[in-house]
Amino acid sequence: MTFTLFLDLLAAGLITGGIYAIVAIGLNLQYGLMRVMNIAHGEFLMLGAYLTYVLHTTLGLNPLATLPIAMAALFLVGLLVHRLVLRRLVHSSPNIDVFEARGLVASFGLMFVVQNLALMVWGADLRGYTYLAEPLQLGGVIMPHNRLLVFAVVVVLSAGLIAVLRFTLIGKAIRAMMQAPLGAQLVGIDTARLHPWCFGAGLALAGVAGALLSMVYEISPGMGEPYTITALIVITLGGYGSIVGSLAAGLLLGLVETFGMHFTSPSLKMVLSYAVFIGVLMFKPKGLFAK
Amino acid sequence: MKDWIKWLPLIAALAAVPWLTNAYMVSLLLTCLMYVALAVSWVMFSGPSRYLSLATTAFFGIGAYCTAWGLGHLPWPLLLLGGALAAAGTAALVGLFVLKLRGSYFAVLTFGLSELALHVINQTERSISGTVGRVLLNPPEQDAIYLAVLALALAAIACCAWLWRGPLGHALRGIGADEDRAATLGVNPLRVKLAGFALAAAFAGAVGAAMAGRWTYIDPHTVFNPLIGFQTVLIVMVGGASRIQGAVIGAVIFSLLSEFLRMRFPYFYLVLLGLLLILSVLYLPNGLIALLPRKKAAAHG
Amino acid sequence: MLRNSICIAASLLGLAASTAALADEAVRIGYAIARTGPFAGGAQVSQEPNYLLWAEQVNAKGGLMVAGKQRKVELIGYDDRSDTETVVRTYEKLMNQDKVDLVLPPWGTGQTFAVATLANKLGYPMIAPTASSKKLTDMKLPFVFTILQQPDQMMNALADMLVAQGVKTVAVVHVDDLFGLENVDALSKALASHNIGLLDKKSYPLGVKDLSPVLKAMKEKNPDAFLGITYPPDTILVSKQAREIGFNPKIFYAAVGTAFPLYKAQLTGNTEGVMGMGSWNAKTGAAAKDYFAAHIAKFQKEPDRWASAHAYASLQILQQAVEKVGLDRARIRDAIAGGEFQTILGPIKFKDGMNASIPGTVSQWQKGEFEVVWPKTRATATLVSPKPAWN
Amino acid sequence: MTQTHILEVRHLHVDYNGYAVLKDVSLSVTRSSITVLVGLNGAGKSTLLKAVSGLKAWSSGDIVFAGTSIAGEKPAMLVSRGLLQVPEGRHLFPRMTVLENLELGGYLRSARQRREDLERMFHLFPVLRERTDQLGGTMSGGQQQMLAIARALMGSPKLLVLDEPSLGLAPLMVAEMFRMIAAIRDEGVSVLLVEQNVKQALAHADYAYVIDRGCITLEGPGSELAGSDEIHAAYFGTAAH
């Protein structure tokens, strides 16, 4: 293997993995924190993608400029969903396991609703636009600008999020809620007030991820499902509640896929990633980064 | 034990359906019964043990592939048995590893297993036969499939009732309540879980083997459809996981309702179905069985 | 977008209103098709819009001529959720319970397979516009016809074209489902018979998101032609990524989706010279031109240049057969099997249940139109080779 | 009364699934004192503590803290009013450092107050100063208990409620723990201590209550109860004399 080829695969793997990571981090904020296994996560990603598509193709807005809009819009959607559905479930569930099961059913319902509303509005056709598709050559590695941009945004966002969680008091409070919900309540953290914000933040990340994906791939109402599944795998691999774990697991999965596809066959991509996933859980049942 | 006798007329009526109505009614009931069998097989293990399994898809697909591979070589009823055994065997084997994990880890892992099974069969088919799908040249008649699935659904219900009353059921419940404590009380958790998991898988496998006959053309993406596993779990949650009736009622109502909505509102029935799911979990959080009178539970104390 | 779906809804309402008055007279035609799920993308581009367009046009002209009497057409269309059991159940309802007069096929090879034996058993003739599989045609079901070119036809045409262009070596990627495998099988045989070297062959799964490492390896081997047996998202993916890495062989071919208007939109200014599966455009004939215009007028979007026209032509054939023999389905079947029909794709005859009139074709993007360039008898423009460089 | 008592539980009834867990329980905690509540497993101790910290609603009676009822108040609100609890099992943040655990203890206070309190804690628990960067979950049981108490003190409590602080600790550590609790009381913090370690607890108690099957059965100054026959009969199986 030449060094250039290695760099090529490394770059491709990191970019794929970066996308996995940002989607997974959003889901982990919901699951790690309040145990909402949000099967509709990918549908909110899809909404972010369509929002960018519509703003770009009708108003001519630069897709990069739509990122904060997608983020804010999906954040509000998150608050709304929390207010209408999850808050009630939190109150009516006798314990966290029951809440988790009910949250799963509700998020399935959300998935049907959101995906099919999008289908009614935009139809099933693939759609897309071209943005920053020009390739950039760096020491033999060729990458289009849009993929590099996606990676850069992913790195900045996840680094920012990790920094917030690590260094600010509110971030520490959020980590505290994930690690010991009762302990958090007993030091005066108002969990009931923080939950909607975290759920909203999870959806905001899905929205950004969707907006980014629309720069690279075609979009359709069903585009989110595979990402939900990948995100589930990534957060399980990285450990529930661990944002750094999700980032690392996402990148790892991207690299495994890219290198694996190169050395075996692209057809084996799925076999490889599921084999890695199952293999890791066999030996590290609480995720790669469990201590 | 005697109260099953009062269900005899209903069972007889169901068995007579192919002679009384048209093929559509048969296939509509077939869908209901398929989900009854799958939901009961799911709740049989996952209800008391609280292990949320998404492996139903894998077992169903494995059963379906038994029919796809064996039809024309072996008689069809034997293939149902083969499907059941293959699925149970797979469950026992993978259970050795996956049943060590609990909660969401188990759920995501079993989902991963279903996907892995899909892709492994896909690869195997490609390398052996050079193609992915299989055409079933002499599939069984629809009525035969219907009666087979009816029998499987009834067998699943009977098996579940028997299981829950016996020591294995108690052990599974003990594991669901507190696995470590159950272990100290002389239960071997792994052995109990393996037995329950494999027994449940056998029914899903047999249902897969039966249903495959309907589709002429079998390919991995059709029979390892993740929707099958997800829908089974949804059905049990909507119906209620604490009693067998929950799974049965959930399956019947869910199948009939989604068919009705699909026919009546062809363009936005899934939006309605999604809203109904959300509303049901908000306003009927304990499942449809909460609407039933609880006289049976009282009889049991 | 929104207007589009409102349009569909409105036309359905209109249909419902008009049929209410003529309920006892309308010819009821049922189908199930993917409106949701993974097949919806293809079904809603190439197939269902044509059903709706045809019904509207027939009714605008007063209806279908059945045994000397004009009767309106009533379409009964359900969503099959891209699910096999649902599609089977829905056709059982349509044929057994609703007892519709005729049925139209669902989307794609797998779903057509699932209902083909049923339609055959109950004697409903079915002309499948989006089924392409040797396995299906090998079953030789008397009531099931395929109108789309089958894998060996398309691949033989492709190989002949390659020979004519002096291609000596090729690299192939293909999706590893039934469509990809049957086509690549036919292609390999055709290439071998013409002594064209296969330098590299890679398969990939549905939903692939990055093929640049594969394409880079192929670029190193420097083949004369790149051939992709791909679906629409992957067709766009391989085109974009080939451009990014500067992989520009003499012939660049990607199968399904090159014929979609979306392809032109996605590869802005980079379509020139790209080849793919297509078999008609508005220049094919006057009837094709009218169809093209009517499609745009109704849906505000262009039809794709491959299966859309086949879907519409299949309805024309059904219509002509009914007008000839009435609604007796066995006689319709015989009429389809034995007759010749005028369609927007030209005259069509069936042999062994397959379209015997339209050969395998290759199309190529030239100056913003997807021109048929092979074989010469059906060409709408002259083939351009080698492919110009990507912009 | 309210002047001298920081906490008063008045005729409290708590039901769980229709089953009465607490029946007419009354007790009070005098300011700057250590009040001990002893009882066997399942006597209703932890239910009472849940009610006191806002985690469990009651059916009748009342709990008054610093002169006002706490009915319907959320834990976070009680923390801000100065009622802090160290629960059984401690509920530290296991994957966060000692420093972070302490900072979160002062979650509701200003950054300056937090800095000052942190200094105080390091003074009170020198072992924590040496281990500021260690993860909470990796410390020994005794150290974790120190950290849990220090974390609660960071919230500047008027009343500190401790649930089984000596559970699982080595005997030497237990003695250290009670010495620490006495020091906290001497700084002016009232302490409500729930313990199974009856002997040690009563030795340090200013006042004590015995709870049995949901009812207060005995109360009195700690030294008095330590010598009572009932206590010995119930907890040591022998009479005192």
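**View 1. Tyr312(C) and its ring partner, Tyr291(C).** In this predicted model, Tyr312(C) is tucked away: its relative accessibility is 8%, so it counts as buried. Tyr291(C) is buried too, with a relative accessible area of 2%. Across the whole structure, over all chains, there are 32 aromatic pairs. Here the ring centres of Tyr291(C) and Tyr312(C) sit 4.6 Å apart with their planes at 35°, so this pair goes down as tilted. The pair ties together distant parts of the chain, 21 residues apart: Tyr291(C) belongs to helix 11 (residues 286–299) of chain C, and Tyr312(C) to helix 12 (residues 307–325) of chain C.

**View 2. A cluster of rings in Phe45(B), Tyr51(B), Phe59(B), Phe106(B) and Phe197(B).** Have a look at how these residues go together: ring pairs link Phe45(B), Tyr51(B), Phe59(B), Phe106(B) and Phe197(B) into a cluster.

**View 3. Thr137(C) and what it touches.** You'll find Thr137(C) in helix 5 (residues 134–138) of chain C. Its relative accessible area is 11%, and buried means under 20%, so Thr137(C) is buried. Leaving out residues up to four places away in sequence, Thr137(C) touches Thr146(C), Gln150(C) and Met354(C).

Conventions:
Residues numbered from 1 in each chain as written. Chains lettered and ligands numbered in written order. Predicted model: local features only at pLDDT ≥ 70, side-chain atom pairs only at ≥ 80, totals over all residues. Heavy atoms only, no water. Phe/Tyr/Trp six-rings, centres within 6.5 Å; stacked < 30°, edge-to-face > 60°. Helix = DSSP H or I, 4+ residues; strand = E, 2+ residues; numbered from the N terminus. Buried < 20%, exposed > 50% of the residue type's maximum accessible area, 1.4 Å probe, protein only. Contact = heavy atoms within 4.5 Å.
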